[in-house]
Amino acid sequence: MITGQIKNQIDQIWRTFWEGSGITNPMTVLEQMTYLLFMKMLDDVQIQQESLSQELGLDMAVSDATFEYGSWHNPETDKDVPVETLRWHNFKHYEADKMYRTISRDVFPYIKNLDRGSDSAYSRFMGNAVFLIQSPKALVRIVDGIDALDLNDRDTMGDVYEYILGKMAASGQNGQFRTPRHIIRMMVELMQPSLRDTICDPAMGSAGFIVEAAKYVKEHYSRELMQPAHDEHFRNSMLHGFDTDQTMLRIGAMNLMLHDINNPDVAFRDSLSGDNTDTDRYSLILANPPFAGNLDYEGVAKSLLATAKTKKTELLFLSLFLRSLAVGGRCASIVPDGVLTGSSNAHKAIRKAIVDGNRLEAIISMPSGVFKPYAGVSTAIIIFTKTGAGGTDKVWFYDMKADGFSLDDKRNPVSDNDIPDIIARFHNLEPEADRKRTDRSFMVQADEIREHDYDLAFNTYKETIREEVHYDAPEVILGRINDLETTITASLARLTELITQ
């Protein structure tokens with residue numbers, strides 16, 4: 001989560017796009033800014049690699065260099081270009097017209113052609129990318145603004161996306177919003193992905209869940225990844241993501257590439273349509289699917305409607321998760337509170353399918369401020385395992401009150417944070433059975449959930465202790481009022497006497 005100075009810097013870059021370049025569509029601003037961020041971060045990464053090689057007294061492998069040494073033949077101009085002129089630390093010093101020519105004619109085609117010849121996610125979605133900044137002076141201001149950002153941490157790019165997506169929501173365009181990284185990380189740590197997993201996000205957006213899952217695996221299985229078979233699975237068959245927005249797919253592909261994930265299965269796909277035939281395929285789904293969308297029945301896969309006949313995307317995606325998971329596969333998904341409490345037949349059907357037909361494990365209620373400033377919707381995380389044969393015994397409920405940030409539009413860091421406690425309790429559920437219903441978390445028997453018509457709201461099962469309050473008899477209270485009135489009357493008479501003397 002970014003705060004303070006970096007927000008002001010991004011705001012200034014945003015204004016330059018609007019006022020200087022004439023680009024006013026928020027999604028286009030995000031896309032064009034991403035291209036320039038990508039150019040800078042590619043150069044920053046190579047500078048770090050070159051510095052490390054120099055310290056170790058080694059020659060940097062050509063395969064490790066994004067910017068190869070020597071010249072590059074630009075297929076769009078049919079000319080050879082010195083590669084050094086394509087690097088950020090060089091062209092950022094050029095005067096306006098030269099910088100514009102270099103970036104638009106050479107650098108942008110160069111990054112479009114990275115991985116060309118391979119069937120990587122990046123190469124698939126960069127082919128039709130277009131550089132739209134037309135003003136050399138505006139480009140200089142934007143480059144200077146980006147150069148001033150501290151992007152040494154690769155995660156900062158994701159934070160920049162998050163903030164800009166918030167600005168997009170505030171402007172009333174493109175109703176997407178990004179899941180905050182600390183919430184994604186919490187869900188990943190709850191699910192603890194391993195090298196045995198095949199992971200999918202069917203509504204991937206900027207690929208936040210896929211990136212965090214990959215980072216977790218790298219952190220916890222670094223030695224195993226040195227084995228060719230594990231490395232092959234990690235790079236080519238572990239990670240899958242789909243979306244219907246070409247711009248977000250490009251942004252996601254760049255995000256993945258910057259995290260050294262070069263060949264995930266990332267594709268343009270309407271996950272709810274009949275074109276998606278994924279069945280019994282994945283061992284882990286991590287997602288925050290679109291809320292409050294309504295689709296025509298004709299555009300939805302019949303197999304999804306068989307579980308719950310509905311037009312609501314938040315219910316259809318749960319049906320998709322059940323179909324797409326292999327037996328034993330797990331899911332952690334963000335859902336709006338309406339999914340947990342809705343009284344329609346479709347709402348009850350999907351909850352019944354999860355509770356009775358599979359194993360519901362946990363419901364983590366989140367405060368409505370988690371998604372501010374984009375939206376104030378109340379949400380929860382639902383965690384379940386596909387069994388196809390029931391298995392729900394007890395369900396763990398947790399009421400998150402704080403996530404480490406203020407719950408207003410500013411979302412400033414605060415000391416209150418339930419996330420470490422959530423992770424610790426989830427991975428040690430045995431003591432949870434003894435907790436009282438007045439606690440922050442507790443267990444609920446599946447039969448009790450059935451008795452409540454499969455209602456999955458935390459407050460349905462929470463017990464509230466009400467202290468008995470004793471009030472004086474009415475005649476005693478009236479006596480006090482009369483005494484008070486007598487005192488006021490006497491005081492007014494005395495005040496009048498003093499004034500008229």
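**Aromatic contacts and strand pairing in a predicted model**

Phe397, Phe442, Phe458 and Tyr461 form one aromatic cluster, where rings of Phe, Tyr and Trp (its six-membered ring) are taken to pair if their centres lie within 6.5 Å, with planes under 30 degrees apart counted as stacked, over 60 as edge-to-face and the rest as tilted. Residues are numbered from 1 along each chain as its sequence is written, and side-chain values use heavy atoms, with hydrogens and water left out.

In total, the structure holds 12 aromatic pairs. In one of these, the ring centres of tryptophan 72 and tyrosine 110 are 5.0 Å apart and the planes stand at 90°, so the pair is edge-to-face. This pair links distant parts of the chain, since tryptophan 72 belongs to strand E1 (residues 71-74) and tyrosine 110 to helix H4 (residues 96-112), 38 residues apart; helices (H or I, at least four residues) and strands (E, at least two) are DSSP runs, numbered from the N terminus. Both tryptophan 72 and tyrosine 110 are buried, a term that stands for under 20% relative accessible area, whereas exposed stands for over 50% and partly exposed for values in between (1.4 Å probe, protein chains only).

A further pair is formed by phenylalanine 108 and phenylalanine 131, whose ring centres are 5.5 Å apart and whose planes meet at 50°, so the pair is tilted. Here too distant parts of the chain are linked, with phenylalanine 108 in helix H4 and phenylalanine 131 in the loop between helix H5 (121-126) and helix H6 (136-147), 23 residues apart. Phenylalanine 108 counts as buried because its relative accessibility is 4%, and phenylalanine 131 is likewise buried, with a relative accessible area of 10%.

Strand E8 (residues 359-366) is mostly covered, as 6 of its 8 residues are buried. Strands are said to pair if DSSP finds at least two bridges between them, and E8 runs antiparallel to strand E9 (residues 379-385), to which 7 bridges join it; the bridge partner of methionine 366 in E9 is threonine 379. With strand E10 (residues 394-399), E8 pairs in the parallel sense over 4 bridges, and isoleucine 363 has phenylalanine 397 as its bridge partner in E10. Phenylalanine 397 is also one of the residues of the aromatic cluster.

Terms used. This is a predicted model: local features need pLDDT of at least 70, side-chain atom pairs count only at pLDDT 80 or more; totals for chains, interfaces and linings use all residues.
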